[in-house]
Amino acid sequence: MQQQRFAEVFAPLFDFLAHGLTLPSDEMVTLLRAGAYNRAASELIEDIGLDSVDTCGFFLLEGANDVGNREVLAALKREYTRLFTSPSGAVVPIWESTFLAAQSGDDANTVLLRSPQSVDAARRYSESGFALVSHESADHMRIECEFCSILLLRSVDAKTEEERNIAYNRFIRFAQVHLSRWFVSFFGQVSKHSHHPFYSSLGAMGSLAGASMLEQLQSELANQLNRR
């Protein structure tokens, strides 16, 4: 897949996943019930060329008038907390440093706020003019997804080839240093351990699309090395 096409396809994916990993809100429930997540997922599946993605969680509540918005939001918040941020121990830690520590068998609770992963991510954000708007650690998966979406959109919208290459190469380096270490595994764990269909589908989408994305990047990098 050519650079321009890659950016056009995967920028919306990262934006989609970032929205899905945002703390559930009334707006999320409204979009979910209106079918927005289902339509976006269907378009991404077609554009990326994915097969066998379980997307039932994106349209399960569409038009389900017997369940109120308040109940839907409460269920989403409970599952978000259980999966990602529970003080008693998140099932799937949503911070890169904590996730990797848990995967290696280390005590995730001992990970410092300014971990090597968060420091490096924050540095890359700053170099690209990307400012954090919250006090979240920079290695939060939602923030990493937002950053990747922004870089790829900059690549698509760039006025010059130099600007296009700068944005795209920054994305590639970020993907190599950060995403390659936990992206597919993180979303795979979300799909596996979720008790809510929305997050099950979000995890399946991220895992399969992420595997395709990283495979294409590795192939492109190999071709670049062969051409030198």
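Predicted model: local features only at pLDDT ≥ 70, side-chain atom pairs only at ≥ 80, totals over all residues.

**Helix H1**
- Helix H1 covers residues 3–20, and its 18 residues reach 26 Å from the first C-alpha to the last, close to the 26 Å expected at 1.5 Å a residue; the expected span is 1.5 Å times one less than the number of residues.
- Helices here are DSSP runs of H or I with at least four residues, numbered from the N terminus.

**H4 against H8**
- The axes of H4 (residues 69–85) and H8 (residues 161–193) come within 11 Å and cross at roughly 130 degrees, where axes are lines fitted to C-alpha atoms over the stretch in contact and angles run from 0 to 180 degrees between N-to-C directions.
- That angle makes H4 oblique to H8, since angles under 35 degrees count as roughly parallel, over 145 as roughly antiparallel, 65 to 115 as roughly perpendicular and the rest as oblique.
- Glu-79, Arg-82, Leu-83 and Phe-84 of H4 meet Phe-186, Val-190 and His-193 of H8, contact being heavy atoms within 4.5 Å.
- By class, this contact of H4 with H8 has four nonpolar, one polar and two charged residues; Ala, Val, Leu, Ile, Met, Phe, Trp, Tyr, Cys and Pro count as nonpolar, Asp, Glu, Lys and Arg as charged, and the others, Gly among them, as polar.

**H5 against H8**
- H5 (residues 96–103) packs on H8 at an angle of about 70 degrees, with the axes 10 Å apart, and H5 is therefore roughly perpendicular to H8.
- From H5, Glu-96, Phe-99, Leu-100 and Gln-103 meet Val-177, His-178, Arg-181, Trp-182, Ser-185, Phe-186 and Gln-189 in H8, a contact that divides into five nonpolar, four polar and two charged residues.

**Thr-85**
- Thr-85 lies in helix H4 and, at 31% relative accessibility, counts as partly exposed, the class between buried and exposed, with exposed set at over 50%.
- Leaving aside neighbours within four places in sequence, Thr-85 is in contact with Tyr-80, Ala-90 and Trp-95; Trp-95 is ten residues from Thr-85 in sequence and 9.4 Å away in space, C-alpha to C-alpha.

Technical notes: Residues numbered from 1 in each chain as written. Heavy atoms only, no water. Helix = DSSP H or I, 4+ residues; strand = E, 2+ residues; numbered from the N terminus. Buried < 20%, exposed > 50% of the residue type's maximum accessible area, 1.4 Å probe, protein only.
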